[in-house]
Amino acid sequence: MSPSIPIEIFHRILCNFLIMPQASQRLLSSTHHLQEDRQVCYYALRDFRNSRLVCRLWNKWLLEDFEFWRHLRVNSMESLGLAKEAISRFEGYPFHIRVTAEPDPNAEKMFMEDNGSDSGSEDSESNDSSEEEEPDKDGDSTRNAVSPSDKQNEEATAEAFSAGGSAVAGESAENRASSCRNHSHEIESGTPSGSASQAWIEEAVALLLPVIPFCEGIHLHLLTQLLHSTLEIWSFSGAPKLRHCTLEAIDYDGRNIRDVIRYEDSAQPRAHKPPVPPVKCFFKQSPLLSSVTIMNYYVPTGSPDDIGFDLKQLVDFSLVYDRKDAPLIGPIGPDVADNLLLPCISNKCINLTLSMSIDRFAMTSARLRGRPTLEKVAFGPGHFIYHPASHDQTKLPIDVGEDSNLLFRTLVLYFAQVWIHHVKRPGPTETTMLQYLIEEMPNLESLYMDQVKMILETNRVNSALYVPPETMLPRLTTILINGGNITMTEVVALIKRTPNLEKLTVASMISDKIDVVTAALGTIDESNGAVLCPMLRHLQILHSDFADENIDDSEDEDYYARGTRIKDKLQITEEANEDNLGLARMTRDLYVALKLMEIKRFNWATLGCCVQLHVRITHQVMFYERCYEDMM
């Protein structure tokens, strides 16, 4: 092939028309539905590999273009070989590396088993367990470098691994020795630590050590002790250029349900937290760090200084503790509000994600008001307490000036309970509570309500009822309503105020049919001849299964097989699971109604009344396969 195409044009063509359409194939596993994953391992994509086979020139260009190799993923000995080649070609380049091990599929079962043994003394602990209380209406909680030489690198690696990654503050010599013996046995024998052998990780950590000082992104998904070891080893050189970091522990690290019970019953819960990990030593050498994600990995939060990085300079901050040991390894409620949230969102934070199944913590609207830099708030399992501004102004932790609105552009509520307190204002009803919630969000562009239960306060007598304003919401372009107790009637009332809505996803529920939505979108207003949501381009309907296999237009051969894994994928509470079981099957009548409405909107589009609408019917399990934003 003649090299007549400039490499810049070649790169753009390949990216825009071949690689970018596959960008939704992120690196995070599907269990982290709430986590937005911006990384794509381009060189592992099928079309990229096929493009390398076209001719020698294409292969040369693709091998020499760093943009296709910037994100390295190491999850096996085979992928380690590809990483070696990339590192040798692009020495000193700012890689983003992700090291991923497979978790033990039996880990949760072993965690729930009660073997009758105690991992610590509980006779000296005083039990202070109490009944669960409704969240406080006003508050958050009810309870309180220079790189070493290659020889030094090898010695440091060997020393850290020989210790088994257990040399952590607060751990006894006996425990360190035991962990060392276990870790050495796993590495030498090649037996699995988890569900698969982790022997390749030692080689990966050593290989990546010279690259760490140049890395802009480090993302580790490892067993807890291997995560400790890796951070200790890489602390010798440090990561001065690091900007993005993810730390996820994929195991329970020997804990079981009795440890969680002991923690919750203790009068001094902080004393039962795991040993302090080596995060501070690693993070203190990364002054440029601006994006941090911690997932099921214990980090100390008693003081802002304990965590190791400067919360005030973070642009993206995510905390995810969504396993059954979340209360034990997650932060304590007051620590979240005072030591994590306040310094973070009071400064540069743009994106905030909290998905924490911890005890006695609630996010309040007061803490989010008047934050001009905050653009996205994603809140997972837990309580979100909303008060109108007139009440919140008396509860604000700092002076936010004249603008006390909720200024973020994106709100994500995921398996959360939203408590609506109207105080002295007219109170909403079950058909107006969603519009009541977003009334003081003037900049809202995207609203995601995934399995959200909204609860109205009933302990105050107020005869006046809230009437939603008729003013338009021109900024709101994306809406997701999946399950929960938000009615389709209220969805229709909301979208009537969104003239620029482009993407809409709703779930077909047994108790609340979506016929009112399809009817509204397929009707022209006789008074003014206007079409509802004229800018709507994508309508997605979530369902539980097809009532008739003949109407399944999916091209995925494993479509029904995926449906059988719904309980494993959702990872939700019993209460939320009850809501999920209310999802309706896709019937032929509904399928035909959707297709007719799509054809009707197409005809209107040819007349210039609206844009063309594409209807997508998606099994809910497939929706949870990837990040919700990729599936919109």
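Of the 632 residues of the protein, 51% count as buried. The model is a predicted one. Its secondary structure amounts to 22 helices and 18 strands. The accessible surface is about 28,800 Å², and carbon and sulfur atoms contribute 49% of that area.

**Packing of H8 with H9**

- Helix H8 spans residues 199–208 and helix H9 spans residues 224–234; the two pack at an angle of about 20°, and their axes lie 10 Å apart.
- Angles under 35 degrees count as roughly parallel, and H8 and H9 are therefore roughly parallel to each other.
- The crossing in which H8 passes H9 is right-handed.
- On the H8 side, the contact is formed by Ile-201, Val-205 and Leu-208. On the H9 side, Leu-226, Thr-230, Ile-233 and Trp-234 take part.
- By class, the residues of the contact between H8 and H9 comprise six nonpolar and one polar, with no charged residue.
- An α-helix has 3.6 residues a turn, so residues three or four places apart point the same way.

**Packing of H4 with H8**

- Helix H4, which covers residues 77–89, packs with H8 at an angle of about 10°, the axes being 10 Å apart.
- H4 and H8 are therefore also described as roughly parallel to each other.
- H4 supplies Met-77, Leu-80, Lys-84 and Ile-87 to this contact. From H8 come Trp-200, Glu-203, Ala-204, Leu-207 and Leu-208.
- Seven nonpolar and two charged residues make up the contact of H4 with H8, and no polar residue is present.
- Leu-208 of H8 is listed in the contact with H9 and in the contact with H4.

**Burial of helix H16**

- Helix H16 (residues 488–495) is mostly covered, with six of its eight residues buried.
- These buried residues are Met-488, Glu-490, Val-491, Val-492, Leu-494 and Ile-495.

**Loop residues with positive phi**

- Phe-415 is located in the loop between strand E11 (410–414) and strand E12 (416–420). Its phi is near 50°, a positive value in a residue other than glycine.
- With a relative accessible area of 11%, Phe-415 is buried, because buried means under 20% relative accessible area.
- Gln-451 occupies the loop between E13 and strand E14 (453–456). Phi of Gln-451 is near 55°, again a positive value in a residue other than glycine.
- Gln-451 has a relative accessibility of 6% and so counts as buried.

- Pro-428 is found in the loop between E12 and H15.
- The relative accessibility of Pro-428 is 9%, and this residue therefore counts as buried.
- Pro-428 and Leu-456 are 28 residues apart along the chain, and their C-alpha atoms are separated by 7.8 Å.

Methods. Residues numbered from 1 in each chain as written. Predicted model: local features only at pLDDT ≥ 70, side-chain atom pairs only at ≥ 80, totals over all residues. Heavy atoms only, no water. Helix = DSSP H or I, 4+ residues; strand = E, 2+ residues; numbered from the N terminus. Buried < 20%, exposed > 50% of the residue type's maximum accessible area, 1.4 Å probe, protein only. Areas by Shrake-Rupley, 256 points an atom, 1.4 Å probe, with all protein chains shown as cover. Axes fitted to C-alpha atoms, helices over the stretch in contact; angles between N-to-C directions. Parallel < 35°, antiparallel > 145°, perpendicular 65-115°, else oblique. Left-handed = near helix turned anticlockwise from the far one by under 90°. Contact = heavy atoms within 4.5 Å. Nonpolar A, V, L, I, M, F, W, Y, C, P; charged D, E, K, R; others polar.
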